[in-house]
Amino acid sequence: MSSSSAFAKLRRILLLEREQGCNDRAVIGGLDRYMQFWERQAREELGSRYDEDIGEVGRALADYGARSYAARQAALQAALELLQDGHEPVATESAPAARAPAHRSRSERARSEHVEQQPRRRGPSRPDEQRQHPRAKAQNSEGEGLTASIQTLPGVGPARAQQMARLGIATIRDLIYHFPRRYDDFGQLKQINQLTLDQEVTVVGVIRTAELQQTRSRKKLFRVTVSDGTGTIECTWFNQPHLQRTLRPGTEIAVSGHVGEFLGRLVFNSPEWEPLQRDLLHTGRLVPVYALTEGLPMRWLRTLIRDTLRQWVPRIMDPMPQEILDSAELIDLRSAIMQIHFPESREALAQARTRLCFDELLLLQLGVLRKRHEWRQENGRALDFDPRLIEAFVEGLPFGLTRAQQRAIQELLDELAQPVPMSRLLQGDVGSGKTVVAVAAMLAVVDAGYQAALMAPTSILAEQHAASVREMLAGYPDIRCALLHGSLPNAEKERIRQEVTEGEADIVIGTHALIQDTVDFSRLALAIVDEQHRFGVLQRDNLRDKAADYMPHMLAMSATPIPRTLALTVYGDLDVSTLDEMPPNRQPVITAVRAHRSRERIYAFIRGQIENGRQAFVICPLVEESDQIEAKAAVEEYERLSQEIFPQYRVGLLHGRVGAEEKERVMAAFKAGEYNILVSTAVVEVGVDIPNATVMLIEGAERFGLAQLHQFRGRVGRGPYRSYCVLLTDSRSEENLARLQVMEETADGFVLAEKDLELRGPGDFLGVRQHGLPELKVAQLGDKAVLALARREALRIHERDPELTLPQHRTLAHSVTHFWASVTLA
């Protein structure tokens with residue numbers, strides 16, 4: 001073939017495309033679009049004698065954008081061989097770009113080619129020969145380099161590092177895994193004469209005029225006019241006078257943004273822009289938008305991440321064995337990281353998300369399975385108790401047990417009799433009867449000659465449990481049940497601690513006081529944690545460690561129903577007993593969705609309930625910005641209700657800025673009837689029985705998840721009186737109203753949890769870190785398909801290699817350890 005500039009230029013583009021990973025971004029608009037122009041240009045330059053050669057190259061690259069990665073590689077190789085197969089050597093990559101025909105302006109070429117017209121980089125082309133910035137560390141190993149401070153990166157000084165630390169970015173690894181929170185879709189390239197109002201588009205053109213003005217309010221307004229030969233459009237930026245140094249007449253730029261209107265003509269207000277080049281970063285593509293902090297510019301961070309990825313991603317080792325990637329049909333880790341930051345397309349972004357979600361969920365599963373494996377290697381105690389004692393206890397209860405309660409009790413008794421320590425979760429809806437199941441297990445432990453402990457998150461809950469346990473075991477006067485919490489007088493606490501140490505206390509119920517160094521158990525065999533997500537991992541482990549030379553049986557209890565698919569992940573190290581039936585004597589809470597125009601009638605209804613001797617909760621709307629703003633809103637609502645709406649009644653207040661002791665005091669006062677109405681944010685105590693409370697009014701109900709609304713509803717209906725839950729909303733969204741109406745239709749917490757998981761994800765009822773799990777950056781636990789895939793692969797790996805010691809799993813073992821190292825232990 002000829003050594004013409006057309007062939008040399010195309011060869012440079014194809015080499016660049018191959019160097020960039022066949023991502024179809026070597027030219028703006030993609031190779032398919034460029035080749036249409038190139039074939040015309042090549043024929044104009046070379047004449048008809050090269051028609052066959054030109055057509056052959058075109059056919060080799062036909063439909064390039066629609067091809068798979070492997071097919072793109074093959075097409076590039078075929079085209080490059082055709083371009084090299086000639087009588088004379090073609091121009092090399094370092095050759096200067098040939099001049100375009102004189103009759104075509106640069107802006108016209110830009111619109112037609114969408115390719116960078118910049119001098120080629122000089123010097124060595126191999127990545128390992130490129131000179132690094134003097135401040136960049138030249139480390140070859142992934143482990144050492146990725147843990148280096150971000151201050152080793154070009155352009156990151158102490159001030160920038162301090163800003164980035166507020167985002168949790170301290171190392172190069174942190175920066176690479178600082179994923180976008182969303183994307184602006186500026187991938188639609190349009191000519192100016194094709195623009196319409198409210199489009200999100202990119203245009204390419206040349207600046208005709210540029211002017212800095214001052215508004216009447218003394219603000220700086222920078223205005224440019226961009227032309228692409230088909231029309232002109234005005235772009236304006238407020239308070240960015242520095243732009244006049246860069247955006248000068250004659251400059252070719254790409255502009256992306258929302259098409260607005262001013263005085264009847266189309267305009268861009270504060271659009272993204274950048275000089276026209278081959279690899280657009282801020283325009284002309286799916287543009288990543290990152291979480292920022294004050295003083296940190298988006299464009300600066302985006303550029304830093306792009307440059308860091310180019311240098312460091314090739315060094316990242318993929319911990320996933322190839323057989324897993326093949327089985328799960330996943331892309332490689334390097335591609336996933338590049339595409340999650342700077343996706344070529346929506347499809348590429350979806351593939352990247354799937355791979356990174358899978359990684360997190362697999363590492364999560366492997367860690368949970370490892371915990372289970374380690375637990376089952378511990379020495380436990382096989383308890384020798386009389387099953388007839390438990391049967392007599394159940395028969396003597398003043399109420400019958402549900403089938404679910406009977407099944408759960410049997411599961412616990414079976415495990416208590418085994419030498420492998422029990423590790424079980426007892427989960428059930430509010431009022432499903434978890435306490436009686438726990439008492440049956442404690443009775444078996446005491447009969448075997450050992451002690452049982454129950455730890456609750458607050459004093460008021462501990463006292464409530466102690467009262468229930470003592471009532472159920474009233475027929476067993478020899479069993480000593482002790483209550484220990486921080487509010488007791490010192491002398492009383494010391495007396496109880498001595499009873500626990502000497503073994504006189506058979507059942508010990510308390511708060512965090514149980515895990516103090518001053519508390520020593522004589523023969524602890526069963527440790528129960530109520531509302532277990534309210535405790536940190538270390539606190540739960542401290543209770544377990546109170547046993548002397550063996551591992552006690554562990555039972556966690558939760559009143560937050562979790563769908564089975566999610567429970568397998570969150571509690572994969574535990575066996576799960578589920579109370580999915582309600583006792584027959586439990587009366588349903590009447591639930592109604594109401595608009596704000598019904599407010600006065602609702603207030604009148606509350607007055608009627610209070611006049612009949614009942615009490616009411618009022619839950620303030622969820623404010624996501626901060627506890628401080630939410631607390632301020634609660635204080636304002638409290639003042640309005642206590643001074644304007646219910647001045648004749650006693651109104652209490654709870655919010656997130658209230659200390660733990662004050663919170664307990666207010667809840668105890670409400671339970672004692674000192675307040676008629678309690679105004680609270682979402683921090684209202686879960687699990688506390690207020691039998692006299694019959695009304696739960698929830699303001700801004702659409703802001704809460706179904707599972708959380710169900711928890712609020714569970715605060716009423718605990719006594720013999722008919723109770724009501726009113727969901728107040730101003731939302732006109734059909735989706736929100738349909739979601740709230742599910743609350744009217746069912747009182748089943750598991751049904752609501754499944755619906756919540758489907759609609760909003762797990763965040764509303766599952767605090768990941770509170771459950772002792774690592775933070776997830778990409779994965780959603782509600783993604784059932786990826787979750788199931790990850791669990792399948794995790795089980796397969798664990799069954800074959802539980803310690804991850806096989807050679808093909810060593811990198812994976814390191815990743816599991818690093819992933820779980822982030823768990824908060826306090």
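## A look inside a predicted model

Let's start with the parts list: the protein chain has 27 helices and 21 strands. Keep in mind that this is a predicted model. Of the 826 residues in the protein chain, 52% are buried. The accessible surface comes to about 38200 Å², and carbon and sulfur atoms own 47% of that. Now for the contacts with a separation of 6 or more: 73% of them are between residues 24 or more positions apart.

Next, the nonpolar cores. In soluble globular proteins, nonpolar side chains tend to be buried together.

| Core | Residues in the core | Some members |
|---|---|---|
| Largest nonpolar core | 75 residues | Leu 416, Leu 526, Ile 698 and Leu 709 |
| Second, separate core | 62 residues | Leu 153, Val 156, Leu 333 and Leu 366 |

The four named from the largest core touch the most other members. Helix α15 (residues 434–447) gives this core its largest share, 11 residues.

Which residues of α23 meet α24? They are Leu 706, Leu 709, His 710 and Arg 713, and their partners in α24 are Arg 739, Leu 740, Val 742 and Met 743. As for geometry, the axes of α23 (residues 706–713) and α24 (residues 734–745) come within 11 Å and cross at roughly 40°. The crossing is right-handed.

Terms used
Residues are numbered from 1 along each chain as its sequence is written. This is a predicted model: local features need pLDDT of at least 70, side-chain atom pairs count only at pLDDT 80 or more; totals for chains, interfaces and linings use all residues. Side-chain values use heavy atoms; hydrogens and water are left out. Axes are lines fitted to C-alpha atoms, for helices over the stretch in contact, and angles run from 0 to 180 degrees between N-to-C directions. Helices (H or I, at least four residues) and strands (E, at least two) are DSSP runs, numbered from the N terminus. A crossing is left-handed if the near helix is turned anticlockwise from the far one by less than a right angle, and right-handed if clockwise. Contact means heavy atoms within 4.5 Å. A nonpolar core is a set of buried Ala, Val, Leu, Ile, Met, Phe, Trp, Tyr and Cys residues joined through side-chain atoms within 4.5 Å. Buried means under 20% relative accessible area, exposed over 50%, partly exposed in between (1.4 Å probe, protein chains only). Accessible areas come from the Shrake-Rupley method with a 1.4 Å probe; for residues, only the protein chains shown count as cover.
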